[in-house]
Amino acid sequence: MFLRNIFNNLRKYSFLIKQLVMRDFKVKYKRSVLGILWSILYPLLMMTVMALVFTNMFRFNMEGTNYLVYLMSGLIVFNYFSEASNSAMTSVVGNFSLINKVYIPKYIFPLSKCLFVGINFVLSLLPLLLILIISGDEAAGTKCYINIYYLLLPFIYFCMFMFSMGIGYILSTISVFFRDMFYIWGILLTIINYFTPIFY
């Protein structure tokens, strides 16, 4: 019964969710010449910088592994989780004036934020795909190839989305009563980043 009510509300407020996601895009790329193209260009430029740093300055060598693709994959996934959880955490407090005026289920706001960040994540996979194709050395066994396992990407994305949204719901609830959570979560994300094997 509870789940049915949630799905009914999602169907009922689907237009609002769409408008909230579109609003986030408009706000993020407001007065930007390239607009939404930055969703692809920004991760591509960041990957280029990381590629130059880690292939010239820090020469990490992982036998049989394309370190650049390994690093970029980890960074993109962690950045998605970080941005989605941060955005979801501030979504209810940020839309407090709207919530006070009309009845809207509160879980709509963290969901719309996770969807917005999710769209950016999917767009950032395009530069990663480019790096994957052009980088690596076949002789050293570090060349990457597209194979059947890439069909698992939608499932992996779904798991990431659900996990980020779950954390986002918890954080958005806590932050309504405990505003210090905004600062604490930033510190926790930094700790999590260094505890995950992204760089090493």
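**View 1. Contacts across the whole chain.** Among contacts in the chain with a separation of 6 or more, 74% join residues 24 or more positions apart; contact here means heavy atoms within 4.5 Å. This is a predicted model, in which local features need pLDDT of at least 70 and side-chain atom pairs count only at pLDDT 80 or more, while totals for chains, interfaces and linings use all residues. Residues are numbered from 1 along each chain as its sequence is written, and side-chain values use heavy atoms, with hydrogens and water left out. The chain holds eight helices and zero strands, where helices (H or I, at least four residues) and strands (E, at least two) are DSSP runs numbered from the N terminus. Of the 200 residues in the chain, 36% are buried. Buried means under 20% relative accessible area, exposed means over 50%, and partly exposed lies in between (1.4 Å probe, protein chains only).

**View 2. Where is confidence lowest, and where is it highest in the chain?** The average pLDDT of the chain is 77, and 74% of the residues score at least 70; pLDDT is the predictor's confidence in each residue, from 0 to 100. Helix H1 (residues 2-12) has the lowest confidence, with a mean of 67. At the other end of the scale, H7 has the highest, at 89.

**View 3. The largest nonpolar core.** Here we look at a group of 39 residues. A nonpolar core is a set of buried Ala, Val, Leu, Ile, Met, Phe, Trp, Tyr and Cys residues joined through side-chain atoms within 4.5 Å. Leu71, Tyr80, Cys114, Phe161, Leu171 and Trp185 have the most contacts inside this core. At least two core residues come from each of helix H2 (14-28), helix H4 (67-94), helix H6 (108-134), helix H7 (153-177) and helix H8 (181-195). H4 gives the largest share, 14 residues. In soluble globular proteins, nonpolar side chains tend to be buried together.

View 4. Is Cys114 buried or exposed? Cys114 has a relative accessible area of 0%, so it is buried. Apart from neighbours within four places in sequence, Cys114 is in contact with Tyr80, Ala84, Ala88, Phe161, Ser164 and Met165. Cys159, by comparison, counts as partly exposed because its relative accessibility is 35%. Searching the whole structure gives zero disulfides, a disulfide being a pair of cysteine sulfur atoms within 2.5 Å.

**View 5. Helix H7 and its buried residues.** H7 has 25 residues, which should span 36 Å at 1.5 Å a residue, and its end C-alpha atoms are 37 Å apart, in agreement. The expected span of a helix is 1.5 Å times one less than its number of residues. Met160, Phe161, Ser164, Met165, Ile167, Gly168, Leu171, Ser172 and Ser175 are the buried residues of H7. H4, H6 and H8 are included in what covers them.

View 6. From first C-alpha to last, the 15 residues of H8 reach 20 Å, close to the expected 21 Å. Which residues of H8 are buried? They are Met181, Trp185, Leu189 and Asn193. These residues cover an arc of only 115° around the axis, so they lie on the same side of H8; the arc is that of the directions from the helix axis to the C-beta atoms. The buried residues of H8 pack against H4 and H7. On the other side of H8, you can find Tyr183, Ile187, Tyr194 and Phe195 exposed.

View 7. Ser87 sits in helix H4 and counts as buried, at 17% relative accessibility. Setting aside neighbours within four places in sequence, Ser87 is in contact with Lys113 and Val117. Ser87 and Ser172 are 85 residues apart in sequence, and 9.0 Å separates them in space, C-alpha to C-alpha. Thr90, also found in helix H4, is partly exposed, with a relative accessible area of 35%. Thr90 and Ser175 are 85 residues apart in sequence and 7.4 Å apart in space, C-alpha to C-alpha.

**View 8. Asn120 in helix H6.** Look for Asn120 in helix H6, where it counts as buried at 8% relative accessibility. Between Asn120 and Phe25 there are 9.5 Å in space, C-alpha to C-alpha, although they are 95 residues apart in sequence.
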